[in-house]
Structures are given as C-alpha cells and as structure tokens.
Amino acid sequence: MEDTNCCFGFDGKFRFDGSKTGYGSTIDFNDDLGGDENDKMLWAGARFRLNDNHAIGFSWYDIDLRGNRTLDDSLQIDDDIFQLGAQVKSKIDLSLYRLFYNWSFYRSEKTELILSPGMYFGGCEAKFKGSAVIDADDAVPVSKNRTVKENLFAPLPTVGLGVEYKIFPRLVANLRMDFFMWISVM
C-alpha cells in the first residue's frame with residue numbers, strides 16, 4: 001500500500017456530528033477518503049522588520065485537498081450515513097490567515113536563525129458526494145451531496161523555526177517549519 005500523505009504532509013482527522021444521530025465517524029482524510037488525488041496550495045505573505053532582531057508579519061494560505069475512495073467501512077457525516085462499498089468523492093477547502101512575530105536569536109553576515117510564535121485564524125469547508133442513507137429508518141441508499149462548513153473561531157497558536165541564508169545581497173533562501181499547538185477539550 002502506498003503512502004498517501006498529501007499537501008505538504010497534511011494529516012487531518014475530523015468529525016461532523018449530526019443533530020439527530022449524535023456522534024459522527026472520526027474520519028482520517030488520507031486513509032478513509034483517499035486524500036491526495038488533486039491538491040493545491042496558494043500562499044502570500046508580508047513581513048515588516050522592526051529592527052535587526054525583530055519583525056512582524058502576515059500570511060494567507062488557501063489549501064484545496066481532494067479525495068476519491070470506495071469505503072472500507074460505513075461513515076457518518078452529520079446525519080448522513082455513507083455505507084460500506086460506497087464510492088465517495090471528497091473535497092476540503094482551508095483558508096488560513098497567520099499573524100506572527102519573528103525574533104532573530106542568531107545573526108551573522110550571511111545567516112539568520114529565527115524563532116517565530118504566531119496565531120492562525122481561518123475557515124474550513126468540507127464537501128462529500130456519494131451514496132448515503134439519509135434516514136436510519138429507511139435503509140435504501142440514495143445519491144447524496146453533503147457540504148459541511150466549519151469556521152475556526154478561536155485562534156490556533158503556532159511556533160515556528162526558520163533559517164535564512166543570504167546568497168547575494170538581494171537574494172535570500174528561506175527555510176521554515178511551523179508547528180500547530182492544538183488543544184482538544186472534551
């Protein structure tokens with residue numbers, strides 16, 4: 001079996017509970033929905049340097065992930081139940097905005113090491129298309145399109161590490177890693 005980590009290592013798990021049926025299925029986008037069929041990411045950002053060691057910035061990300069899979073198990077999404085063996089197409093759209101602060105804790109003529117705490121804000125839209133049982137009392141599957149929209153109201157804190165290397169005076173190579181700090185409350 002091949003590894004299907006999609007879109008810069010995206011490994012997302014989510015659940016959409018129903019108002020009638022209660023808890024929905026915990027869904028792994030890669031394993032359960034065949035993520036990484038067609039994905040794209042757009043990014044734009046700006047940084048304002050306050051002085052040699054401090055900067056603030058803003059980034060915007062638009063991430064589209066798609067999946068296509070024949071289900072190995074039934075999935076409940078909201079009040080709809082997608083049955084074992086159903087062909088389900090899925091699409092997840094994420095729009096994220098990030099505010100961050102950069103602290104250069106090491107600087108030389110060519111190299112800069114950066115610690116970058118920040119906050120992400122954004123929204124998520126998930127779409128599912130396949131055969132689903134709409135009413136648990138009526139077990140006849142019908143073709144169903146399901147769209148679930150969720151907004152992230154609370155900010156998601158992050159911490160980032162970065163390295164900048166000055167190739168030429170006006171050309172800089174930049175490598176950074178950002179880590180989400182997710183807190184789950186039950």
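Before the details, a word on the source. The model is predicted, so local features need pLDDT of at least 70 and side-chain atom pairs count only at pLDDT 80 or more, while totals for chains, interfaces and linings use all residues. Residues are numbered from 1 along each chain as its sequence is written, and side-chain values use heavy atoms, with hydrogens and water left out.

I start with the overall layout. The protein chain holds 1 helix and 10 strands. Read from the N terminus, the order is β-β-α-β-β-β-β-β-β-β-β. Helices (H or I, at least four residues) and strands (E, at least two) are DSSP runs, numbered from the N terminus. Of the 186 residues, 35% count as buried. Buried means under 20% relative accessible area, exposed means over 50%, and partly exposed is in between, with a 1.4 Å probe and protein chains only. Contact means heavy atoms within 4.5 Å. Among contacts with a separation of 6 or more, 59% are between residues 24 or more positions apart.

Next, the strands. Strands β3 and β4 run antiparallel and are joined by 10 bridges. Two strands pair if DSSP finds at least two bridges between them. A hairpin of 4 residues leads from β3 to β4, and Gly45 stands opposite Ser59 in β4. On β4 there is also a pairing with β7, again antiparallel, over 17 bridges. One of the partners here is Asn102 in β7, which bridges to Ala55.

Strand β4 also holds Asp62. Is Asp62 buried or exposed? Asp62 is buried, at 15% relative accessible area. Leaving aside neighbours within four places in sequence, Asp62 is in contact with Lys40, Met41, Leu42, Leu94 and Ser95.

Now the core. In soluble globular proteins, nonpolar side chains tend to be buried together. A nonpolar core is a set of buried Ala, Val, Leu, Ile, Met, Phe, Trp, Tyr and Cys residues joined through side-chain atoms within 4.5 Å. The largest one in this model has 21 residues, and those with the most contacts inside it are Phe14, Leu33, Leu71, Ile92 and Phe128. Two or more residues each come from α1 (29–33), β4 (54–70), β5 (75–77), β7 (87–107) and β8 (111–133). Which element gives the largest share of this core? The answer is β7, with 4 residues. As for Leu71, its contacts beyond four places in sequence are Asp32, Leu33, Phe82, Gln83, Leu84, Gly85, Ala86 and Val88.

On to charged pairs. A salt bridge is a side-chain nitrogen of Lys or Arg within 4 Å of a carboxyl oxygen of Asp or Glu. By this rule the count is 7. One of them joins Asp17 to Arg15, with the closest N and O atoms 2.8 Å apart. Asp17 is partly exposed at 35% relative accessibility, and Arg15 is partly exposed at 38%.

Another salt bridge joins Glu112 to Arg49, at 3.2 Å from N to O. Glu112 lies in β8 and Arg49 in β3 (residues 40–49), so the pair ties together parts that are 63 residues apart in sequence. Glu112 also forms a salt bridge with Arg107, with the closest N and O atoms 3.2 Å apart. Arg49, Arg107 and Glu112 are therefore described as a network of salt bridges.

Last, a pocket. The second largest pocket has about 260 Å³ of space. The search uses a 1 Å grid over the protein atoms alone: a pocket is an open set of points with protein on both sides within 12 Å along at least five of seven lines, and lining residues have an atom within 4 Å of a point. The volume is the space filled by probe spheres set on the points, which are joined across faces, edges and corners. This pocket is lined by 16 residues, and the closest to its centre are Trp43, Arg47, Phe100, Asn174 and Arg176. At least two lining residues each are supplied by β3, β4, β7, β9 (142–168) and β10 (171–180). Strand β3 gives the most, with 4 residues.

How values were computed: 1 Å grid on protein atoms, 1.4 Å probe; cavity = no way out; pocket = protein on both sides within 12 Å on 5 of 7 lines; lining within 4 Å.
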